[in-house]
Structure formats: C-alpha cells, structure tokens
Amino acid sequence: MKAEAEAMRGDTGAPQDTTTSVLEPLRSGPGAYLPGRRRAVVAVAVVALLAAAPLVLSPYPVSAMTRMLAFAVLVIGVDLLTGVTGLPSLGQAAYFGVGAYTAVLVGVHITPDAMVQALAGLVMGLVAAAVTGWVAVRARGIVFLMLTLAIGESVHQVADTWSAVGGSNGLAGMPPISLFGGPSLLAAGFVYWWVLAVAALVFAAVALVVSSPYGRTLRGIRDNEARMRALGYRPALARYGVFCLAGAVAGVGGALWAQQARFVSPGDMGFEVAALALLSVVIGGAGSLWGPCLGAALVLFVRDSLSASIGGHGPLVLGAVFIAVVFLMPRGLAGLTGTRARLRNLTSARRRKENAS
Amino acid sequence: MTETTGLTAAAGTTGTDLLSVRDLRAGYAGTTVLDGVDFTVPAGAVVALLGRNGVGKSTFVHTVMGMLKPYSGSVRVGGRELAGAAAHTVARSGVAIVPQGRRVFAPLTVEENLRIAARASKAPRGGGGPWTPERVYELMPRLAERRANRGDQLSGGEQQMLAIGRALLRNPRLLLLDEPSDGLAPAVIDLIAELLEGLRGEGIAAVLVEQDLHLAFRLADEVAVMQKGRIVHRSSTADFRQDRARAHSLLGVG
C-alpha cells in the first residue's frame, strides 16, 4: 500500500509499468471514438471495399446490400440513443417510417432529386422526434422503452389507417431517383453508391458527435445521471437533443430505404423493424458505431436472404444469435477487437497490484 | 434544543456565513431523516460534520446539493435560497460535491472526467474560475500519468483524487466532502489529507462528513455533531479535541 501511495505522489523516479496502457486506450472503450490516422485508414478502406461491390456482384445482392446500408443508418441512430446515451428505444422505426413516407411523397409529387428527398426525410424525422420526444425523454430505462414503443405503435397505426398516405396499402409509384438534375438512376449499383455515400456521411457525422464534448456529456449521462446534475448539467435537455438527432438520422435512413424500394408501406415502420434495429445494436455491441452496422447487415441478411432458404425460420436463427451473443460476447461483435488490448490491460493491472502489495 | 451546547453560529452572524441551513427537514418516502437541522459554514471555513452511522450526515449533504428535496426548511448559499432547487441549479450557484464512494465516470477516461466538469463550469453562473484541468494535473501529477485510463481502471486513491479534481473544476465556493477517507488505506488517506490541506489557501468553504476523526481534526476549523437528524453539538476543533469525555459521549469513540 505504501508503494501505491508513493507512486501517487507522482514524485517517484521509477518508471511505471503502466505506460503501454496509458498510451494505448482500449480500442473498444471511449478511445474507439477518438479520431486517429489508423482509424481513418481503416474507414477509407472499408468504404472503398464496399464501393467495389457493384462491380463484382449481380444486381440482386447489390439491392440487398443497399437495404442493409439504409437499415444501418437507422441502427446508427438507435445506437446513439441506446449505446451511447443509455436510452433503449423501440420507437425509432416511427421516424424511419416518417422519413420513408416523406421521401416517397416528395418523389411522387415534387422532385426525383435524391438529395432533396433525403434532406426532407431528415427534417421530417427530426420534427417528428422533436414533437413526440419531449414526453419520452422524461423517463428512463424500461419506462422510456415502453413510451417509445407506444409512440412507434401510434405512428404505425396512423400510417395504417390514414387514406391520404395509402393506408395499409402504402404508397407506390415513386419514380427512380436522380442526382444533380441528371438522368434517373435505374441500375441497382448507382442507387447503392448513393446510399453508401450518405450512410458513410451519417456514420462520420455521428462519430464526430460522439467524440465531441456533447458526446462526452451523453456518455456521462449514461454512466451516472445524478452525478451530471451535480456538476451543473441538465440531463433532460441533453437527452432531448440526442433524441431529436436520432430521429433525424432515422429519417435519413427511412428516405434511403424508400429510395431503394421505391415503395413504402406501414410494414416498414412496424414493431418488427424497431425490434430488429435494437437487436442489431445488441448483436453489434452497444456504444460502438461500426459494430451495430455489422449487426444491421447480419440481421437483414438472416431475415431477407437466409430465411427463405431455411423455410422461413429466420426469426429462430436471430433468436439463437441473440442468445449466443448475450452469453458469449457481452460486448457484441465490437467487443471482439478490444480483446487483445483488454487482456494486456488486465495483466498490467494485476502486475501493478502485485507491485503495490 | 437545550442540549445544543456551544452553537457558536449565533443568529446574528448569518451575513458572514456562506452556507446557512435553518430547520431543515428531509427524508426518503415519508420517513424523517433530517429532523430540523440548523447548520452554518462561515465563508472559507471547513466544518466537519461528525456522527455515528445512519444519523443523517449523507442525507444532509444530498439535501444541500439538491439531490434530495427537503420537506421544509431553508438552505441559503451566499444569501441565495436554494431549498428545493434542482441539483444543477445548486451546482451553478457554486456548490460542488465529492460524493461518498467517489462515483467517477467509470467508462470515461481521467481526461474526460475532468473535461466534463470543466465544460460544465462554463455555465453562466459558474463563472470562469482559477481551476483548469492543467492545474489539477499540476496538483495531482498521478492523475496526469493516468490521464488516458478509464475511471474504473484507477485505484481507490486515484479515484478520490479524480473526484476532488472534478469538484475543483466547478470552481466552487462551497465543497461538500462526503467521507473522502471511505475505503482507503491509511497511507492513501494521509495523501488525500495532504491534498486537501494544500487547498486551504484557496478560500473554499467545505463541509467535511467524516468517520475518520484524525482526518476531520486535521482539516476542520470547527466540528459539528449530528444525532438523530439534528445538530447536537458545535464547537471549534480545538475545543472539541480537549474534551475527550464529551467526544466519547457524542460519538462513542474518543
């Protein structure tokens, strides 16, 4: 104990055996948000690899990947709420749906411009979240979950019964998107590139938010809200802000989803979508951004592609995956990369303890 | 109230008291833990709040901080009435807490723990003060070494330093220290005491809730003893130390 006290005075000349862990924070910890050159290189490589997909794959898998990317945008928003801020939500599908309906309505009535549609989806998702969120953010934990579920089901019900947006039939007849007043993007590959570009942009923007002082505030709220209040913060305001932001992100995701499908129905915003988005976050690793994106791809792959070939038993597979993740990988897919650094940290901590005693 | 011998803070001195609590009643879910607490802290002074377990010391600190709403009574900080105000309002009035059990942000790094407090200080009423993360690192070089480590990777003593640093970054007028020695080894307590002694020149008033009498006597100008939700004794630290029989009857130690 004396040794520890001595060390804490900070005036011992002895070199610390903790230097490696000091210089290299856990990759899956808060350090995962820090922008670094290596991280940037990996990000560029992943986007480049994804961008090459239409060159080697046939249109059908490319369309499936487009849906995965659009869904991943929704999941990024859910992760921002659930993983970063600690607010598990089952209502994000509502804002996803609002974005999808907005994009189709803009596409049918106003312009085929993909950018205008996506922006409209963003704004309407933000507005819908701003209107409904003020009630939800007053609650936390299971109550928050139930409130967001209620919001989601209500919005779903509106879409299902409101004839102006097609009721349960949904809205069809959306013309193909175009960019910068150019020709219609008919090939699956072009739509894919557009969706990939927007998804990458959203990912980068959210990563910036998470590493900003505001993101630090959100993580502080997740860890200990009472403590944040005692430091002079108003957690309810920060929670409302992130709820609106997540709504805007979901709105963009919905717009992208509709641009690929060129059709929207109440099924695109139902409970199943919300649950799968939350499942993606859990499988991917709440709080990491790329993990849940992988989770989103996995979930949609099982539901849309694998399920058909195993007699429609996709949900069963998802259930099994969920249970396996909860028991075997409590930090999700994202937890796998940090393992080595974590082990190193554990050993150095143990060594420190031994030295101290 | 007849047994409240030695209540030095007479009613007339309120003007110089930074913290002035009158007839504070509070508790949890209808129970009464604080049963009419009268308590003052003169500007710049350190007052130790002593008492056996469960007499309401932590409840008192929580109520002053606005983390628990009182049933009735008055809490004035620098003349401003704060009873029933939200914690963030109390915090922005210049009150900071070093909570029992440290409660640092476990998933955040040391650096982030400090920045989060420093950023909150920019709130209008917090004002720009002398404390910056850099100055905290200077005062506690150990934290500088651990700056990239997560809160839950620190030892108890390091966490306590971080909790103190976090509170200082609020640039407080009044510091609420809730059992800073709790769960720490004697050598580490000594270190924390040294650290807090070094802050005496800053003119920060403090309420020090402590079970460790040596630490309390070392740091405090005055001593108050709580029993069953009331202050039953108040005197200067020197007076209190001289009368061992009284200390024994009040605290069961001595």
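User: Taking two strands as paired if DSSP finds at least two bridges between them, which residue in E10(B) stands opposite Val223(B) in this predicted model?

Analyst: Strand E9 (residues 222-227) of chain B runs antiparallel to strand E10 (residues 230-236) of chain B, and six bridges join them. The two strands form a hairpin with two residues between them, and Lys228(B) in the turn has a positive phi of about 45 degrees. Within this pairing, the residue of E10(B) that stands opposite Val223(B) is Ser235(B).

User: Which strands stand at the edges of the open four-stranded sheet of chain B?

Analyst: The order of the sheet is E2-E1-E4-E5, with antiparallel pairing. Strand E4 (residues 72-77) of chain B pairs with E5(B) over two bridges, and Arg76(B) stands opposite Glu81(B) in E5(B). Each edge strand has a single partner strand, so one side of each is left without a neighbour in the sheet, and the strands in that position are E2 (34-42) and E5 (80-81) of chain B.

User: How are H6(A) and H7(A) oriented to each other, and how do the residues of their contact divide?

Analyst: The axes of helix H6 (residues 92-109) and helix H7 (residues 114-136) of chain A come within 8 Å and cross at roughly 140 degrees; because an angle must be over 145 degrees to count as roughly antiparallel, the two helices are oblique to each other. The crossing is right-handed. Residues of H6(A), including Val98(A) and Thr102(A), meet residues of H7(A), among them Met124(A) and Ala128(A). The residues of this contact divide into ten nonpolar, six polar and no charged.

Note on methods: Residues are numbered from 1 along each chain as its sequence is written. Chains are lettered from A and ligands numbered from 1 in the order in which they are written. This is a predicted model: local features need pLDDT of at least 70, side-chain atom pairs count only at pLDDT 80 or more; totals for chains, interfaces and linings use all residues. Axes are lines fitted to C-alpha atoms, for helices over the stretch in contact, and angles run from 0 to 180 degrees between N-to-C directions. Angles under 35 degrees count as roughly parallel, over 145 as roughly antiparallel, 65 to 115 as roughly perpendicular and the rest as oblique. A crossing is left-handed if the near helix is turned anticlockwise from the far one by less than a right angle, and right-handed if clockwise. Two residues are in contact if their C-beta atoms, placed from the backbone, lie within 7 Å. Ala, Val, Leu, Ile, Met, Phe, Trp, Tyr, Cys and Pro count as nonpolar, Asp, Glu, Lys and Arg as charged, and the others, Gly among them, as polar. Two strands pair if DSSP finds at least two bridges between them.
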